[in-house]
Amino acid sequence: MCKNFIPQMEVVVALRSPIAYYKEKFTKIDNEKRIKVTEVVEGGYLELGFNLYRITLEIIEKEGDSSSSNIISTIDYELDEASADNAAFVSIKPLEVIAEAIGMYLKEKKNDANN
């Protein structure tokens, strides 16, 4: 990957969420250690008074099972004192949903490859 290239993505959130959308950029991609770090750079959490909203994903291969792994998800944030109540919006649930969807997709691909 080009050193000057900073991948970004726009995320659209469910209708009932106070966060309509946000953009995040990858601030760290370490394929060797299987660590990805993103920070919100526009919209969403920043509009709710967050100064920082960072997600770190670390993928760890399960011992004795090279076809399976665990994902350790960490959310770091800084919030204005006046917006302290908005800390209730911090949740790992969206990451759980994404991880489950990825797991299902990979299982389907593996089954297709074996058939």
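Strands E4 and E5 form a hairpin with 2 residues between them, and Gly64 in that turn has a positive phi of about 75 degrees. The model is predicted. E4 (residues 50-62) and E5 (residues 65-79) pair in the antiparallel sense over 12 bridges. Within this pair, Leu57 stands opposite Ser73 in E5.

**Strand E3 and its partners**

- Strand E3 (residues 35-43) runs antiparallel to E4, and 5 bridges join them.
- The E3 and E4 hairpin has 6 residues between its strands, and Gly44 takes a positive phi near 45 degrees there.
- Between E2 and E3 the hairpin has 4 residues, and Arg34 takes a positive phi near 60 degrees.

**Nonpolar core**

- The largest nonpolar core has 10 residues, among them Ile19, Val40, Leu48 and Leu95.
- Strand E4 supplies the largest share of the core, 3 residues.
- In soluble globular proteins, nonpolar side chains tend to be buried together.

**Contacts of Ile75**

- Leaving aside neighbours within four places in sequence, Ile75 is in contact with Tyr53, Arg54 and Ile55, and also with Val90, Ser91, Ile92 and Leu95.

Notes: Residues are numbered from 1 along each chain as its sequence is written. This is a predicted model: local features need pLDDT of at least 70, side-chain atom pairs count only at pLDDT 80 or more; totals for chains, interfaces and linings use all residues. Side-chain values use heavy atoms; hydrogens and water are left out. A nonpolar core is a set of buried Ala, Val, Leu, Ile, Met, Phe, Trp, Tyr and Cys residues joined through side-chain atoms within 4.5 Å. Buried means under 20% relative accessible area, exposed over 50%, partly exposed in between (1.4 Å probe, protein chains only). Contact means heavy atoms within 4.5 Å. Two strands pair if DSSP finds at least two bridges between them.
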